[in-house]
Amino acid sequence: MGTAHTAELTLASRANAYVALTKPDVSFLVVITTAAGYYMGARGPVSWLHLLHAVFGTLLIASGTAALNHYMERESDRQMRRTASRPLPSGVLQPWEALLFGVALSAAGVLYLFFAASPLAAGLGAASCLSYLLAYTPLKKRTVWATFVGAFPGAMPPMIGWAAATGSLDLGAWLLFAILFVWQFPHFHAIAWMYREDYARAGIRMLPTVDREGVRTFRQIFVTAALLIVVSALPSLLGMTGSLYFFATLAVNVALLQVCLWAARAKTNVRAKWLMHATVVHIPLLLALMVFDKVPR
């Protein structure tokens, strides 16, 4: 009975480890941004089944990319306290298992989008995966510009959703891309400030690891949060959404900017963590307002 119980625990721990490889918190963001992109791009009644196909295929790619990122960064993860317990550094899974899992999910996602959503959506999904793994991931140890490079694949999910709905990319898709692109800077700089010592220990060149006083880091946080006010207003100004979205998102963005200023005044890990939480609440709320106040096309 003891052996069976141990085997059961081992099986459960391995299953949990495979789930952890997919970075479920990031996957949640991918789901909501892809769905919002599809909904905003759809003309006339929304095909909910087709939307689910688009979201599922994108989720497969995002999960596979995350698993491959675990594989590529396993040595760095061993050196950081916050990542040392991940499946590969802890030894729960072997590197080859993460590699096969990641490749299988990513390839399945691209094929799924191609046949169940649209070829353009599949192409964008593949580009997102490859740019994340072949550009952003290796650059993290070379330059602080890696965050900027990584924001491109990070902002791709709403475009994938839009492409699945329309088969094309017009101005609306690029606006959604721009909103998510700009949003990533306050979000990831806040995280990087909280874990700057961990990143420095692993040789990862996030901006806070070279900006020890935080002047450049929090300046970028403020500037991009201010820019987000302007970019987020464009859907209303260009007729995608109504006035409710315009004024509500203005209030939401100003509130985020206030949190950025509050965090910048003290530059503590505690305030950076509150800022990170604020950004996590911000983007689903903004997208929900956009979807609610969409102008029918």
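**Aromatic pairs and a helix contact**

A search of the whole structure finds 15 aromatic pairs. This is a predicted model, where local features need pLDDT of at least 70, side-chain atom pairs count only at pLDDT 80 or more, and totals for chains, interfaces and linings use all residues. Residues are numbered from 1 along each chain as its sequence is written, and side-chain values use heavy atoms, without hydrogens and water.

Colleague: How do F56 and Y112 pair: stacked, tilted or edge-to-face?

Modeller: Rings of Phe, Tyr and Trp (its six-membered ring) pair if their centres lie within 6.5 Å; planes under 30 degrees apart are stacked, over 60 edge-to-face, the rest tilted. The centres of F56 and Y112 are 5.1 Å apart, with 75° between the planes. The pair is therefore edge-to-face.

Colleague: Is F181 buried or exposed?

Modeller: Buried means under 20% relative accessible area, exposed over 50%, and partly exposed in between (1.4 Å probe, protein chains only). F181 has a relative accessible area of 12%. So F181 is buried.

Colleague: Are α9 and α14 roughly parallel or antiparallel?

Modeller: Axes are lines fitted to C-alpha atoms, for helices over the stretch in contact, and angles run from 0 to 180 degrees between N-to-C directions. Helix α9 (residues 171–194) and helix α14 (residues 269–292) pack at about 160°. Angles under 35 degrees count as roughly parallel, over 145 as roughly antiparallel, 65 to 115 as roughly perpendicular and the rest as oblique. So the two helices are roughly antiparallel.

Colleague: Which residues does H187 contact, leaving aside neighbours within four places in sequence?

Modeller: H187 sits in helix α9. Contact means heavy atoms within 4.5 Å. With those neighbours left aside, H187 touches M276, T279 and V280.

Key. Helix = DSSP H or I, 4+ residues; strand = E, 2+ residues; numbered from the N terminus.
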